[in-house]
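Hello,

Here is the structure I promised to pass on. My notes follow below it.

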Amino acid sequence: MDIKKIIEDIVDKIKSDEDLQKQFLSDPAGALEKLTGIDLPTDQLEAVVSGVKAKLTADNLGDALKGLGGLFKK
């Protein structure tokens with residue numbers, strides 16, 4: 001099982017669906033099981049949740065920095 005690929009797929013789905021974003025914030029494990037259709041063992045589920053949170057945070061930070069770049073153009 002390629003955890004990195006699962007994380008990337010989940011992040012793409014969450015970013016494109018506001019209801020999934022809300023569900024992930026309130027019940028990350030439930031949202032992941034719904035998205036993957038896989039009942040992951042707790043240790044793997046926690047790793048995926050952490051990976052998704054990190055990826056979402058990194059993507060949001062990257063988007064914010066891109067927006068700031070426009071402030072310094074003439």
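Notes on the fold and on Gln23

H3 is followed by Gly37, whose phi is positive, near 70°.

This is a predicted model, in which local features need pLDDT of at least 70, side-chain atom pairs count only at pLDDT 80 or more, and totals for chains, interfaces and linings use all residues. Residues are numbered from 1 along each chain as its sequence is written, and side-chain values use heavy atoms, with hydrogens and water left out.

The protein chain has four helices and zero strands. Helices (H or I, at least four residues) and strands (E, at least two) are DSSP runs, numbered from the N terminus.

Helix H1 (residues 3–15) packs against H2 at an angle of about 115°. Their axes, lines fitted to C-alpha atoms over the stretch in contact, are 6 Å apart; angles run from 0 to 180 degrees between N-to-C directions. Lys13, Ile14 and Lys15 of H1 make the contact (heavy atoms within 4.5 Å) with Leu20, Gln21 and Phe24 of H2.

Gln23 also sits in H2 (residues 18–26). Beyond its neighbours within four places in sequence, Gln23 contacts Pro28, Gly30, Ala31 and Lys34. The C-alpha atoms of Gln23 and Lys34 are separated by 10.0 Å.

In helix H3 (residues 28–36), the buried residues include Pro28, Gly30 and Ala31.

Best wishes

Key. Buried < 20%, exposed > 50% of the residue type's maximum accessible area, 1.4 Å probe, protein only.
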